[in-house]
Structure formats: structure tokens, C-alpha cells
Amino acid sequence: MKHAVLFAAMFFAAGATAAPAPVQDLAGGSNDDRISRLERIIKAKQQTEFEAQQRLDTLQREVLDLRGITEQQDYQISQMLQRQRQLYEEIANLSASAAATTVTVAENNAASAGPSSLGETASYEQAVNLVLKERKYDEAIPAFSDFIKQYPDSTYSANANYWLGQLLFNKGTFTEAKQAFDAVVTKYPNSNKRGDSLVKLGMIAEKEGDKATATAFYNRVLKEYTNSASARLAQQQLSAL
């Protein structure tokens, strides 16, 4: 569903911006009449493009929300599996040890699940909730940035960088967004956000007027992530160049 919405957004944008102005006869009448008709045509085209951009912005926010919902579900599943493994380990320790050994194991388990681990999970969840639940996008940017600095080796680091890049991209802060997406691409080669990050790097290059770099990024996605949703989006971007 999220890719369908994204496709609709890109298709709509391409169609909206390419829509021709209403065709009117500018040959007849006085110069003032022709100028007035031309001004009305230009104003109508500008209004159409403005409304199209507003709808496109709305669709982009919806795409962000859909990606966030998917990531939140992945996160919850990961937490459940982790808790299940912990329960199995605790049962095995209890059945294999005497009372004194059980105390020692409990102490070791408590140490391994100390404040650092709990702080990492809570910090990441708090940043995600700022986007999904509270829709406080400006506050979510420093929240993800602080998480990345505090927990650079976290299992959530790739997703946190992607979230940060997406929020900065939507805000139009392309230089910082590029750094976040590049971190996903270079530091986390196995992340499921890597293909999307390459697409976003291509889109940033487009906005900066560098079509050659944008083309290189899109072709890289097509080569490395063939038949994926990221590849389909990269192909759409290439076709629109």
C-alpha cells in the first residue's frame, strides 16, 4: 500500500506540472485584450501548479506516515522475539541451576539488561512516536539526531538515520538529509532502508540540478535492487528526467 501511494504521488506530480495552460485565441482583439487574456491564462496555470504542489506535499507526508507504520510494526515484532528469547533463557537457567546459582544468573541477567539497553530502546521509541503519534516533525529531528550520537552502534541506527534523512528531506534541508541517507548506504549495507536511501540521494541530486549524479544513483538502485519497490521508484524518476 505504501508504495502505491508513493507511485500515485510521483505520477500526480509529473502529470500536474506538465499540464498545459488552457488554449485560448490570443490573435483577436486589441493589445490590451490579448494581454489580459494572457495574464488570465498565466494566473490559471500558476494556481493549478500551486494546488498540485499542495496535494503532492500532502501525499508525501502520507507516504512518510506509511513508512513509519511499517517500521513501528517491525520494531514491535523484534521486541516480542527478543523477549521470547529472554524467557527461554531464563527457564533454561532455572531448570539447570541450584538456588545459589539461580541467584547469580539473575544478577548477571539484570546487569546485561541494565539502564543503557533500556535507555536505547526508550530513546528510539520516543523519537518514532514524535512522528507517528504526535506528528511533531520538527521535534523529531533533534530526537533522532541525539539518538544516533548517543547510540552509534545500535541495531536501530540505520532506521534512525533514514528517519532523520526523510524528515530533513521533507523540510528541504537537503545537505543534512544527504548526510543521513549516505550514512545508511555506507554504514549499513544490509539495511532494508538502503535501497530507498539511494533513491532519496538521487532525488536530492535532482533538486540540486545534478542530473548526472541523480541518474547514477537511480541506475545503482536498478542494478543492486532489481524488481524491488525501490527499483520501481528509481525507474519512475529516471523516466521523468
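Buried is used here for residues under 20% relative accessible area, and each close-up below is taken from a predicted model.

**View 1. Helix H8 (residues 194-207) and its buried residues.** The buried residues of H8 are Arg-194, Gly-195, Asp-196, Ser-197, Leu-198, Val-199, Lys-200, Leu-201, Gly-202, Met-203, Ile-204 and Ala-205. Because twelve of the 14 residues of H8 are buried, this helix is largely enclosed by the rest of the structure. At 1.5 Å a residue the helix should span 20 Å, and its end C-alpha atoms are 20 Å apart, which agrees. Just after H8, Gly-209 adopts a positive phi of about 80°.

**View 2. The largest nonpolar core, with Tyr-124, Phe-144 and Trp-163.** This core has 40 residues, and those three are the ones with the most contacts inside it. At least two residues of the core are supplied by each of several helices, among them H2 (31-96), H4 (115-132), H5 (137-150) and H8, while the largest share, seven residues, comes from H6. Leaving aside residues up to four places away in sequence, Trp-163 touches Leu-64, Gly-68, Glu-71, Tyr-124, Val-128, Val-131, Leu-132 and Phe-144.

**View 3. Ser-191 in the loop between H7 and H8.** Ser-191 has a relative accessibility of 13% and therefore counts as buried. A polar atom of the Ser-191 side chain lies 3.0 Å from the backbone nitrogen of Lys-193. When residues up to four places away in sequence are not counted, Ser-191 touches Ala-158, Asn-159 and Val-184.

Notes:
Residues numbered from 1 in each chain as written. Predicted model: local features only at pLDDT ≥ 70, side-chain atom pairs only at ≥ 80, totals over all residues. Heavy atoms only, no water. Helix = DSSP H or I, 4+ residues; strand = E, 2+ residues; numbered from the N terminus. Expected span 1.5 Å × (residues − 1). Buried < 20%, exposed > 50% of the residue type's maximum accessible area, 1.4 Å probe, protein only. Core = buried A, V, L, I, M, F, W, Y, C linked by side-chain atoms within 4.5 Å. Contact = heavy atoms within 4.5 Å. Polar contact = N/O pair within 3.5 Å; in protein donor to acceptor, adjacent residues only side chain to side chain.
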